[in-house]
Amino acid sequence: MDFALSAEQEDLAAGERAWLVKNDPIAARRPSIDDGPARVPDLAARHVVESGLVGLLTAETGGTHVDLAVLVEEHGRAASAVPLAELALATAALDTLDHPLHTLATANAEGKESVPLALTSVDGAPLTVEISGTELRITGTTAPATALLDATGFLVAAPTSDGREVLVHLPANSAGAGVRTLETLDLTRSWSVIELDVTVPGQRWTTVPAGTVPALADALAFYRKMDALGAAERLVEQTVEYAGQRTQFGQPIGSFQAVKHHCADMALRTEAARASLWAAAVALDGADAARRATAVSAAAAYAGEATSTVASLALQVHGGIGFTWEHDLHLLTRRIKVDELLNGSVSWHRRRLVGA
């Protein structure tokens with residue numbers, strides 16, 4: 001498959017990188033890193049709204065998954081706390097509805113609401129969803145999601161017990177919908193689950209066409225690994241730079257064959273992960289559900305392992321300084337390790353491929 005980013009997509013990525021460099025998320029996080037879970041800075045939340053990124057996938061804006069992917073990669077590279085993929089996917093899903101919930105798409109895109117996507121777990125206990133007349137009963141615990149602490153509500157996508165698929169809007173203060181914050185390796189984002197035991201009135205939920213929920217799950221799995229790719233790319237650059245500066249026995253350690261091999265392996269794994277992920281992005285923009293599922297799981301399985309290996313090799317090349325609290329390496333490594341596990345682990349995606 002021939003693929004290349006357009007000039008517009010390259011400019012989009014460059015513009016977002018410039019903003020993130022100027023408003024460094026890690027620098028913003030450092031002063032409060034011991035005080036509790038990461039929160040989305042108001043400046044960053046306003047930026048993604050005012051730049052039109054939250055509404056990128058809506059019909060009015062006309063963006064593609066490839067467009068969103070270049071942005072998610074940059075946010076991963078910068079270790080941003082903004083749940084860009086979750087917000088954009090929720091807004092796009094709401095935008096397609098012929099239901100009062102449609103208005104939430106505009107509210108999200110304009111920043112009047114912050115309603116990210118939350119899903120049922122793919123490798124844990126699923127949500128139980130029952131429809132009774134105009135009401136919907138939903139119990140269980142969602143899969144871990146990021147930045148729920150900063151949300152004004154949640155868009156839960158799940159299958160029902162009778163095989164239908166629904167989107168459910170839950171305001172953040174809904175009785176029976178409690179947010180439980182998790183302790184994870186990742187110090188750059190907050191991670192939470194929603195514990196549900198709630199009956200939802202008809203104006204806050206709707207059925208959606210078959211295949212909607214699997215498509216959203218595939219997309220979020222893809223963006224989780226795209227985020228890891230951005231962090232891995234930054235680690236490659238930092239490691240190569242360090243290997244050229246750090247001297248031992250009177251010469252840069254980058255001149256040693258073992259270090260050269262590590263750096264080359266990191267670069268190879270990163271670029272191969274990027275190729276697999278771009279193929280998945282193209283499949284997400286297509287209409288073939290089987291091809292999409294296969295492409296996403298192939299990319300998630302490879303990129304999840306590859307980016308985790310890159311992080312481990314970066315730590316080896318950095319040596320002692322890489323273990324220090326002050327160096328950014330551990331923050332990026334932690335982020336990659338969490339990305340590797342969520343929305344389908346490497347082993348889960350491999351099992352899915354075998355069963356396809």
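A pocket, as I use the word here, is an open set of grid points with protein on both sides within 12 Å along at least five of seven lines. I keep in mind that the model I am reading is predicted.

**Entry: second largest pocket**

I looked up this pocket and found about 430 Å³ of space in it. It has 27 lining residues, and those closest to its centre are Thr120, Ser121, Val122, Asp123 and Ala143. Strand E5 (153-159) and helix H11 (346-355) each supply at least two. Sorted by class, I get 15 nonpolar, eight polar and four charged residues. Domain 2 (117-208) and domain 3 (212-354) each provide at least three residues of the lining.

**Entry: largest pocket**

Next I turned to the largest pocket, with a volume of about 560 Å³. Its lining counts 22 residues, and His65, Thr96, Ala215, Leu216 and Leu284 are the closest to the centre. Helix H5 (84-95) and helix H7 (212-245) each bring at least two residues to this lining. Here the classes are 13 nonpolar, six polar and three charged. Where does this pocket lie? It lies between domain 1 (7-110) and domain 3 (212-354), because both give residues to its lining.

**Entry: the sheet**

Last, I traced an open sheet of four strands, ordered E1-E5-E6-E9, with mixed pairing. Strands E1 (117-119) and E9 (205-208) are at the edges, each pairing on one side only. From one strand to the next, the twist averages 25°. I followed E6 (165-171) along E9 and found antiparallel pairing over four bridges. Leu167 stands opposite Thr206 of E9.

Terms used:
Residues numbered from 1 in each chain as written. Predicted model: local features only at pLDDT ≥ 70, side-chain atom pairs only at ≥ 80, totals over all residues. Heavy atoms only, no water. Pairing = 2+ DSSP bridges. Axes fitted to C-alpha atoms, helices over the stretch in contact; angles between N-to-C directions. 1 Å grid on protein atoms, 1.4 Å probe; cavity = no way out; pocket = protein on both sides within 12 Å on 5 of 7 lines; lining within 4 Å. Points joined across faces, edges and corners; volume = space filled by probe spheres on them. Nonpolar A, V, L, I, M, F, W, Y, C, P; charged D, E, K, R; others polar. Domains from an automatic or database assignment.
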